[in-house]
Amino acid sequence: MSTDGDLLHVVTLDNITPQRMRFGNLLKWGGLAFMAACFLVLTLSELGAFPIAFETWRLGLFGYLVWATCLCAAQVVLRGEQGKRTLFILPGVLFVVAMVVFPLLFSLGIAFSDWNLASPDGRKFNGLDNVRQMWGDPFYWNALKNMVWYTLAIIVEYAIAFGLALILASEIRARKFFRVAFLLPLMLSPVAVSWMIGKSMLEVRFGPLARLARTLGWDSPSFFGSPEIARLTIMVMDAWTFIPFMMIMILAGLQAIPKEVQEAAKVDGAGPWRNFWEVTFPLMLPVSITAILIRIIFKLKLADIIINVTAGGPGGATDSVTSFIFREYRDRSNVGYGTLLAIIYLILIVIAITIFMKLVDRWMNPRYLK
Amino acid sequence: MSDTQIFHDSRSDLAYKAGWLSKRVVIYGILILWTVICLFPIYWTLTTSFKIAPDVMKGNMIPWVDYTPQWRGWKSLGLSPDTIGMESTVREEFLKRFWNSTISALCSSALAVIIGSMVAYGLSRFNYRFGFMRNPDISFFFLSQLILPPVVLALPFLVLYKELALLDTRIGLILLYTLTVLPIVIWIMRDQFQSIPVELEEAALVDGLSVWGAFLTIIVPIALPGLVAAFILSLVLTWNEYFFAALLTSTDAKTLPVMVASQTGSQGINWWAMAALSWAAIMPLIVIGIVLERYIIKGMASGAVK
């Protein structure tokens, strides 16, 4: 979509009178001035220099809303038909700016301060103390290392999902039933899953899975006893919820491959094994990459199951970064340190994903093709 | 047995049939095994909610065979046949959480679908320039929200909401949930709109509709299946959301997942009550999953296949 000019090209006669221009400009700058005034009043009242003391910052929110509305209206008044087009994406942009960009900037301020919400002292700027504390925090590094393990588990999930998708795409009876059954785990809330599986079915004394493990010869099954097994259990539970997701995407990709290609390969004498590796799998690469990328993104948010089943234990072995920060806040209500950890995590994610996409790009479009 | 069979399947054909049969057996074996893996936890939850303590301890599995179903679990929620007519604080609590979840999930999904489809339509039809930002940059600006882990926003929002007095309100949750599902909606809808030929709108414009008129009366109805798909995916994600709800709500706006999670913290777990509560939390989505499966698959597939 990088062609010049609009895909939907409209020629309209917009007769914008100077009076209308003036009104539009008034709207645009008036809204901005109103918002600025709101913020100014708020700042002054925080400092105690304004006669009325406001309890909340809601005035700023209203200021922003008024400005956003004025800006949208001014677009139409000032630029006519062009402005109406801008109106399609302007609300979205304003919403995201208010909800992401502003809080992110705000969080930078918090990250370099010592701010315990429980204590009455309020915020204290403490420079790089948080960074130093993070550097020496073995639990945070441990959580990061766990995230690498959790992310690597995606390879196995992908293999299983691909296998299931292949079976679902082949000629089977009751395909719709199996598709619905396979999809259901994705619909369940992670909290309920952590209760159903993590707490109830893996219960050592009477859980059905523990019973099964005993029958299979594991004398004293304990799914959260040792760090490795606990991590594995978390991985399995998370995989259980999200394998359907990858499976559906791969299934859609498989169904989009024209049958002729595979038939041609068959005619040329390729067995099913070679047919898969030399025809189906390469054709599925773009879909696979998308599925894996989205799965990685979701995996990096992994927290609900860990918080509810192990709370990070034993000894932080199952902690993800999110669950670690969650507990960091819950236990010590230290907003400043938690925010710094989160920001470092975000930076690491952005770097990792960029590298991943560059590598994929290099691999999918080799240089000599360009 | 005097007459001999004249027409024989050749040996290679018979071998093929045996091979075909064994392949079928393996395939259906895998399918059934995975179905059991997927459905057993759901079955377990449902049956556990009808058990009483000895049944849980003995690990009884099949109702009416291993044990007689009792309404104990549902009674503790105030939802069993004999308690449904009576006053029950637990039930009121439960209904309040259920209602909170419903409202926040529905409103945020609707908001995300409205904002998201507008953005997606704009990006698929027009070229924008905001300073240095061109269309690909704007797309990236929206879609990159997807990699933003919730934990980065959680603590700043905690502070901001506290100052804005939005902590523990449904509106606060709705706004945040809208934000989290917005990129997914845009991603799905951009695909939908790109597959609709521009000639349709051109015809509408020639006939005198404005750009917005064409969007609302021509394009939205055509893209309705995609909209429904995006809406349902958002619904699933927001209904199940736990992290923000756990941090930002305490009493008034607490949602169902938080209620489920807070039950597990106590010492002795009431397995049957927990099972009933979990079942109530997952049932709406199971129903949606079964009834609207087509749309969910469509939604997830749309981004994958170009």
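In the predicted model, the C-alpha centres of domain 1 and domain 2 of chain B are separated by 33 Å. Domain 1 of chain B spans residues 11-76, and domain 2 of chain B spans residues 89-304. Where these domains meet, twelve residues of domain 1 of chain B are in contact with ten residues of domain 2 of chain B. On the domain 1 side of this contact, two elements of chain B, helix H1 (11-48) and helix H3 (72-76), each give two or more residues. The composition of that side by class is five nonpolar, five polar and two charged residues.

Chain A contains 13 helices and two strands. Its radius of gyration is 28 Å, whereas a compact globule of 370 residues would have a value near 21 Å. Along the principal axes, the C-alpha atoms of chain A fill a box of roughly 80 × 60 × 45 Å. Of the 370 residues of chain A, 34% are classed as buried. When contacts in chain A between residues at least 6 apart in sequence are considered, 66% of them join residues at least 24 apart.

The contact between the two chains involves 79 residues from chain A and 83 residues from chain B. On the chain A side, the element that gives the most is helix H2 (residues 58-111) of chain A, with 16 residues. The side of chain A that touches chain B comprises 57 nonpolar, 13 polar and nine charged residues.

Methods. Residues numbered from 1 in each chain as written. Chains lettered and ligands numbered in written order. Predicted model: local features only at pLDDT ≥ 70, side-chain atom pairs only at ≥ 80, totals over all residues. Contact = placed C-beta atoms within 7 Å. Helix = DSSP H or I, 4+ residues; strand = E, 2+ residues; numbered from the N terminus. Nonpolar A, V, L, I, M, F, W, Y, C, P; charged D, E, K, R; others polar. Rg over C-alpha atoms; globule rule 2.2 N^0.38 Å. Buried ≥ 20, exposed ≤ 12 C-beta atoms within 10 Å, placed from the backbone. Domains from an automatic or database assignment.
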